[in-house]
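Open the model in your viewer and keep the selection tool ready. The tour has two stops: one residue, then one interface.

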Amino acid sequence: MDTPFFELKNISKYFAKVIANKDVSLSVDKGEVLALLGENGAGKSTCMKILYGLYHADEGEIFKEGKRITIKSPKEAMRYKISMIQQHFSLVSAHTVTENIILGNVKGRINWIDEERKIQKLTDQYGFDVDARKKIKDLTVGEQQKVEILKALYLDANLLIMDEPTAVLTPQEIDTLMEFVKDYSRRGNAVIFITHKLKEVMNVASRIIVMRSGIIHGNVLKEKTNEVELSRMMIEHKIEELEKVKDNNYVKDVCLSVKGLTIKQKKGIPLLKNISFDIHKGEIFGIAGVSGNGQQELCMAICGALKQAEGSINLDDTDITNLSIKKRIELGMGYVPSDRHRYGMIMDMSLSENVLLKTSYSSEWKKNGLIDRKKLKDKTNQIIKKFNVKAPGHYSLARELSGGNQQKVIVGREVEFCGEFIIFDQPTRGLDLGAINNVHSAILKEKQNNKAIMLVSTELSEIFTLSDRVAIFYKGEIQGIFKTSELNSEKIGLLMAGYKHQEAI
Amino acid sequence: MIVNLLSRAMMMSTPLLFGSLSEVFSERTGVMVTAIEGIFLMGAWAGFTAAYITGSLALGILFAALAGLSVAILYAFIVVTLKQHQIVTGTAINILIIGLCSFLQRVVFGVPLSPLTVEPLKKIALPLLSKIPLIGTIFFNQNILTYSIYILVPLGFFILYKTSLGLVIRSTGENPEAVDVSGISVSKVRFMTVAASGIMCGIAGAFYSIGYLGMFTTNIIGGRGWIAFAICFLGNWNPIGAFIGTLIFGLAEAFAILMQSNSATMLPNELFIALPYILTIILTISRKSFNVPSKLGTAYIKEN
């Protein structure tokens, strides 16, 4: 038997009391694309961060070509020609592509022209269309990822670990990435591809390792498996099927109406350009698009956190264009923000305090001029129960909860206190399947309660299963509004990439 | 008179340049040296004391550098190693140093009846160059520390933009994570830069005591550390910008000194003394676009 290129043997890793990896053994060969498949929190990233030297294993050994090695830092990992593309890029956005690539890899005086030429050569070799002199902040997310890959290529890496590389890409960019992965592995390099998307696995991998709760649950060659078998290995508990919503089963009353909404940046480039749409009572209106195309600004403008330059917003016949955030909340507007740590909760406060946060000024909570603690406690416990939040009680600090449970509390708060219209901005980002399911049911229930819902998501499957209609955003403009049944993933992909409706057909 | 004013302006710019240039480097790594006022004062005291006791100005400057270094190491240890709040730490150290310097001054010298003085740094007229009319007197008849800024500015620019060290420094303030991932210790970069800044700022402090006045009082610095701190902002975290900023402030200070000695003025003396400080406020407000290092003032805490 051949010695594998890289091998992990019996790796275990514990975070405080939680087991992240237990007895994980895996190997990868030259020329192979190994997919590491599993749900969020299954321990895929942890395991790879150990190989990359970011974490240290509590037990176990690492071998390269049969020789035992220890990797204490990313720098040492690079010495063994291992490179890892993190989920969150570590690029200096104010610096150029070249500056980012050579950071830490050059000594003394820098010959900028030489370095730029070297990098341009690499980009040509792999057919990347990236300008070495451009600043990172002027690049798209897809291009930034290419810069991360170029960093690895600049260092001559032979093993490339990619952590959920397709999460931020358009379908077309995903294709380009897959081509690169295949090309790169054909040149005798190894790739480990971390993902939870079955389709990608079947497309690119030669071998698949499935992880669940920190343990390896399957190691199969692609030819000998199929998506059904993989998903079974991935998910232990059966998930209740969501009822597919039918188009147009909402009432015709307009709830939220946005007309000609435009938001300008300081420099005058519009972040949102002439956005108009209506959301009806009992309708889920999906906003699709690659993140950073104006969705965040739209949510902020509707909830009142961002001043618009032009246009009007109406909620139930009330012109809320110039109303304060507080007034909008009183009118029944809810907002589940995408970044719950930043906009959703105060992590060092208890759950009941976080529940109070949204409507703290309301006389509902007052008793003799003080906060009615008992009422608050009851309400919080009610939310905990109703939304199946796994928490010791209303007194637990928000940060003690897992991401999914934090999100359930926010969703519960918004749903309970907002009677008319709720924005869900990326409500399931970073959640595991159980929590996702929970949030989805909550959204559908609010639809049944005849509330109008705006669902912003980069997960197309989420948009497709939940929305009645979908608006596709690209560079701050609506590419088109469609009934969900009129769309398929290819068409929506092209629209998300900036092709207009006619071209997309 | 104009030549005299400009020559004095060059001289008064010198310590500000030392201070703001080191601030540029530190802040590019993400650490504001808010202890700068204290480091200046420590440098002024140590420089004076060493020069007075040994009779050697060179030793005075050396001790000032060492004193500045020790305060900077204390500051770096608290904010970089222990990751404490930069403004709070700096303020505490500044207060500490004022007390420490008055204390040490008493311990070493007691309460002298007449002010203690040393002969300040001599001006060295460079051969030939100093003979150029006007320019010669302004630029080439200065003391050794002022001459060194002619080298420090281009050197600082070169290091920051043309070397890998500069790239690492600039990246550390923008995205320490990226630096960490490329295998460089963020703490080490920050610690070393702050330490080097301490040396520079210690010398800057000594300039006031032994480079120019030839004496020491506990209010000798009088907020000039903060002015250097502000110049770094105004100069957009760029050595050239810092240089231009120090020239403006040097001029303001020279003007104030000139007006002070010129009693035939209509305006009150105090106004001119306050001039550099007023200028700081006006320029800080009027400065439009800033190029602030995005992680300025933030401790780098590694996950796990």
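Helices here are DSSP runs of H or I with at least four residues, numbered from the N terminus. Keep in mind that this is a predicted model.

**Stop 1: a threonine in a helix**

Select residues 112-125 of chain A. This is helix α4, and T123(A) is found in it. Is T123(A) buried or exposed? Buried means under 20% relative accessible area. T123(A) has 1% relative accessibility, so T123(A) counts as buried.

Now show the side chain of T123(A). A polar atom of that side chain lies 2.7 Å from the backbone oxygen of Q120(A).

**Stop 2: where chain A meets chain B**

Color the two chains separately. The contact takes 22 residues from chain A and 20 residues from chain B. About 1,800 Å² is buried between chain A and chain B, and carbon and sulfur atoms give 61% of that area. Select S90(A), H95(A) and L103(A). In chain A they lose the most area to chain B, together 28% of what that side buries.

Which residues form a salt bridge with closest N and O atoms 2.7 Å apart? Select R170(B) and E99(A): they are the pair.

Finish on the chain A side. The largest share, three residues, comes from α2(A). By class, that side of chain A has 13 nonpolar, four polar and five charged residues.

How values were computed: Residues are numbered from 1 along each chain as its sequence is written. Chains are lettered from A and ligands numbered from 1 in the order in which they are written. This is a predicted model: local features need pLDDT of at least 70, side-chain atom pairs count only at pLDDT 80 or more; totals for chains, interfaces and linings use all residues. Side-chain values use heavy atoms; hydrogens and water are left out. Helices (H or I, at least four residues) and strands (E, at least two) are DSSP runs, numbered from the N terminus. Buried means under 20% relative accessible area, exposed over 50%, partly exposed in between (1.4 Å probe, protein chains only). A polar contact is a pair of N or O atoms within 3.5 Å; within protein, one must be able to donate a hydrogen and the other to accept it, and residues adjacent in sequence count only if both atoms are side-chain atoms. Contact means heavy atoms within 4.5 Å. Buried area is the accessible area (1.4 Å probe) that two parts lose on being put together, summed over both. A salt bridge is a side-chain nitrogen of Lys or Arg within 4 Å of a carboxyl oxygen of Asp or Glu. Ala, Val, Leu, Ile, Met, Phe, Trp, Tyr, Cys and Pro count as nonpolar, Asp, Glu, Lys and Arg as charged, and the others, Gly among them, as polar.
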